[in-house]
Amino acid sequence: MTVEYGKLTFLEIKQKAAEDYMVIIPTGCTEQQGPHSTVDFDIWLATELSIEAAERAEQKYGVKSLVLPTIPFGPTPEHRNYGYGYIDIPQKVYEDVIYAILVSLADQGFKQLVIMRGCGGHMLNPVGVRFNEDYAGKASVEIPPHPFHDVWCTHADPHIPGGHADSFTTSLGLYKHPCSIREELIADPASSEPDWDDPELDFAAYSDTGVIGDPTHASKELGEKLWKSSVEAIAAELKEIAVRADEGITYSYSASVGRSSNNSKK
């Protein structure tokens, strides 16, 4: 049986809710990924990582889950000054959409929800706190941290600069979607490290190309290692979430909500 919510009938979904399936909500976005990668990177990353990790969690740990269709748009104000390739949703609108999705799932009887972020810049902790307070005793949501920094340090040189459209993400693209990578345009840009916690962050102030870090160390072979390790790490996190749910432990959110990148650096 598929783990994809969108490929089930409403009666099949009703049955999954009765069986206490976890639901994973992948959140992607549409934004520039430098001159060498297509703007849908965060969408397919969230989609395919969620599906493969859900499948792996069931195979390895017996965790049963459904994966919602990926949200393709989110707040991307830091990319607007490149002029093209973005769909920027205001933060308040985005939070309201996420909250409405969580409520819809809870009202269907799903108790354990997980937001799987494709984009590290999406600050959703306030939504998680609000939902868990409003639905205490009925449903809860977790927003697990990305495993990407640890994965990168395991398989590659942690001293290689990262940030956005870097060697981590470019390697994943070369492995999973080689047609989305313009290899002839991969170059080490003149970029600097942004202040990731700046609420007015503008990537264009740090990089003319949109790349933060160095993508020239990317390869398909490295991408395969990074991908498989990421799937395993997320599957293990899904197992831990399921254990906490069984034990009635409510997820504790950090008081500070910072911005991070979905890459090796952050």
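Is the crossing of H2 and H6 left-handed or right-handed? Point 1 takes this up for the predicted model.

1. **Helix pair H2/H6.** The crossing of H2 and H6 is left-handed. The two axes come within 12 Å and cross at roughly 70°. Angles of 65 to 115 degrees count as roughly perpendicular, and H2 and H6 are therefore roughly perpendicular to each other. From H2, the contact is made by Phe41, Trp44, Leu45, Glu48 and Glu52. From H6, Thr169, Leu172, Gly173 and Lys176 take part.

2. **Main core.** The largest nonpolar core has 31 residues. Leu45, Leu172 and Leu238 have the most contacts inside this core. Two or more residues each are given by strand E1 (22-27), helix H2 (41-61), strand E3 (112-117), helix H5 (148-155), helix H6 (167-176) and helix H7 (220-246). H7 supplies the largest share, nine residues. Note the link to point 1: Leu45 of H2 and Leu172 of H6 also belong to the contact between those helices.

3. Another core, of 28 residues, lies apart from the largest one. Ala17, Tyr21, Ile71 and Ile143 are among its members.

4. **Asp20.** The backbone deserves a look here. Asp20 has a positive phi of about 60°, although it is not a glycine. Asp20 sits in the loop between helix H1 (10-18) and E1.

5. **Ala165.** Here is another non-glycine residue with a positive phi: Ala165, at about 55°. Ala165 is placed in the loop between H5 and H6. Is Ala165 buried or exposed? Its relative accessibility is 1%, so Ala165 counts as buried. The cut-off for buried is under 20%.

6. **Cysteines.** How many disulfides does the model hold? The count comes to zero. Cys119 is in no disulfide. The nearest cysteine sulfur to that of Cys119 belongs to Cys29 and is 3.6 Å away. Cys153 is partly exposed, with a relative accessible area of 32%.

7. **Points to keep in view.** For the helix pair, keep the left-handed crossing of H2 and H6 and the angle of roughly 70°. For the backbone, keep the positive phi of Asp20 and that of Ala165. For the cysteines, keep the count of zero disulfides.

Definitions and conventions
Residues are numbered from 1 along each chain as its sequence is written. This is a predicted model: local features need pLDDT of at least 70, side-chain atom pairs count only at pLDDT 80 or more; totals for chains, interfaces and linings use all residues. Side-chain values use heavy atoms; hydrogens and water are left out. A nonpolar core is a set of buried Ala, Val, Leu, Ile, Met, Phe, Trp, Tyr and Cys residues joined through side-chain atoms within 4.5 Å. Buried means under 20% relative accessible area, exposed over 50%, partly exposed in between (1.4 Å probe, protein chains only). Helices (H or I, at least four residues) and strands (E, at least two) are DSSP runs, numbered from the N terminus. A disulfide is a pair of cysteine sulfur atoms within 2.5 Å. Axes are lines fitted to C-alpha atoms, for helices over the stretch in contact, and angles run from 0 to 180 degrees between N-to-C directions. Angles under 35 degrees count as roughly parallel, over 145 as roughly antiparallel, 65 to 115 as roughly perpendicular and the rest as oblique. A crossing is left-handed if the near helix is turned anticlockwise from the far one by less than a right angle, and right-handed if clockwise. Contact means heavy atoms within 4.5 Å.
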